Protein chains: 2
Amino acid sequence: MKLYEKAPTPNSLRVSLFIAEKGIEIPRVDVDIRGGENVTDEFKAKSPNGKIPLLELDDETTICESVAICRYIDAAFPTNHHLFGEDALAIGQVEMWNRIVEFQGLYAAFQAFRNITGIYKDRERCVEAWGKESKQRLEEFLPELEKRLTTSPYVAGDKFSVADITAYVLCGFMKNLDLHLDESLPALLAWHRKISERPAFIEASTK
Amino acid sequence: MKLYEKAPTPNSLRVSLFIAEKGIEIPRVDVDIRGGENVTDEFKAKSPNGKIPLLELDDETTICESVAICRYIDAAFPTNHHLFGEDALAIGQVEMWNRIVEFQGLYAAFQAFRNITGIYKDRERCVEAWGKESKQRLEEFLPELEKRLTTSPYVAGDKFSVADITAYVLCGFMKNLDLHLDESLPALLAWHRKISERPAFIEASTK
């Protein structure tokens, strides 16, 4: 098994944090996405969405999409550390919060960054006005996340979950949009400090 | 337990098809979204994302986000009909394909529809150019889905899964963008006919 990734990108970080939380090791292959290594025919033959991260199993079966890789790992290496929730209610609530943070937070941040900067304009058409709109929606979402963390120790409830990983990756990525965590969002800031001290997060951030 | 929904909307249909496939009955409450019933303070107090569908449990705990509702139902009412995949590989592949169809297909269709028509301009800012770009990306995705269904009987592999539900809802919704299935996409058309004949799909479409 090996993981094709680009270490500083947010979706590769999501998978790295998940793997570190699960306490497993997977060999990595660095892919030069700025140079377009992921849009070659060879890579596209491996990856249904042409993107990294991409997990390749020993029989050459591949899984793309960061959350899908996490779900495969979660099912293939079962532990008592249930990052997708343990019982039915937790499973539903983790998926709910992971999707809320992903659609209203991380995906909005990606759309903002790509459309404002035009970083991949060699391979996609950009609409700058949508980039600015997406950034504004993200700025409107952060107080919603703050409100949630005022009443809940973790994003999806009483336990750490994959939704915390998604929110943590969002908090790091939004620096690219000149958005920063500060005392105006005290619960989010305190949660971020707490999360950053987890051994898996220290391990993943030093790689 | 009750389900707040609006019957003809795509995300309510996703949950209805899932419930019908699982063979369970849940009482429904119709919500007038065009009239803004879902953006009242009363509804927003129930739903973390302010959207329908929303599942309310008997203790008044709520779960929003259509896929999260499906995951709760899947875990709370276990059967041998594994719509999220049965073993680790299938679990990973179903999530992968469901996300590919959702992000590149259904979500693109929603962004196209909302930004082109301005249907919710009373509650969100629209960028028409992004609507048109999203429609074009959806038109570029359909041949990818066609290619997949040329080699696979169902979207995520050999078995029917939640990814087929997402793709089916996409095929119905895209009529709103004047996009239609026809003989230019023969594998997708054949798959759609096959899916439409499933008892759960006949049941859900006649409600």
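**Figure 1. Where chain A and chain B meet.** In this predicted model, the contact draws on 27 residues from chain B and 27 residues from chain A. Which parts of chain B each supply at least two residues of the side that touches chain A? They are β4 (62–64), α3 (66–76), α4 (88–117) and α5 (128–151). The top contributor to that side of chain B is α4(B), which gives 9 residues.

**Figure 2. Two copies and the axis that relates them.** Take chain B, turn it by 180 degrees with a shift of 0.0 Å along the axis, and it can be laid on chain A with an RMSD of 0.0 Å. The two copies are therefore related as by a two-fold rotation axis.

**Figure 3. Inside the largest nonpolar core.** This core has 105 residues. Which of them touch the most other members? That would be A:Phe18, A:Ala109 and A:Leu170, along with B:Phe18, B:Ala109 and B:Leu170. Let's pick out A:Leu170: setting aside residues up to four places away in sequence, A:Leu170 touches A:Val101, A:Gly105, A:Leu106 and A:Ala109.

Figure 4. You'll find B:Phe173 in helix α6 (residues 162–173) of chain B. Is B:Phe173 buried or exposed? B:Phe173 has 21 other C-beta atoms within 10 Å, so it is buried; the cut-off for that label is 20 or more. Now for a look along the chain: B:Phe173 and B:Phe110 are 63 residues apart in sequence, but in space they are 8.6 Å apart, C-alpha to C-alpha. If you ignore neighbours within four places in sequence, B:Phe173 is in contact with B:Pro10 and B:Ala109.

**Figure 5. Helices α4(B) and α6(B) side by side.** On the α4(B) side, the contact is made by residues including B:Trp97, B:Val101, B:Gly105 and B:Ala109. On the α6(B) side, you can look for B:Val162, B:Thr166, B:Leu170 and B:Phe173, among others.

**Figure 6. Helix α5(A) across helix α7(A).** What is the angle between helix α5 (residues 128–151) of chain A and helix α7 (residues 186–196) of chain A? These two pack at an angle of about 70 degrees, and their axes are 7 Å apart. So α5(A) is roughly perpendicular to α7(A). Their crossing is left-handed. From α5(A), the contact uses A:Leu145, A:Glu146, A:Leu149 and A:Thr150, while α7(A) brings A:Ala187, A:Leu188 and A:Trp191.

Figure 7. On the α1(A) side, look for A:Pro10, A:Leu13, A:Arg14, A:Leu17 and A:Phe18. They meet A:Val162, A:Ile165, A:Thr166, A:Val169 and A:Phe173 in α6(A).

Key. Residues numbered from 1 in each chain as written. Chains lettered and ligands numbered in written order. Predicted model: local features only at pLDDT ≥ 70, side-chain atom pairs only at ≥ 80, totals over all residues. Least-squares fit on C-alpha atoms with pLDDT ≥ 70 in both. Core = buried A, V, L, I, M, F, W, Y, C linked by C-beta atoms within 7 Å. Buried ≥ 20, exposed ≤ 12 C-beta atoms within 10 Å, placed from the backbone. Contact = placed C-beta atoms within 7 Å. Axes fitted to C-alpha atoms, helices over the stretch in contact; angles between N-to-C directions. Helix = DSSP H or I, 4+ residues; strand = E, 2+ residues; numbered from the N terminus. Parallel < 35°, antiparallel > 145°, perpendicular 65-115°, else oblique. Left-handed = near helix turned anticlockwise from the far one by under 90°.
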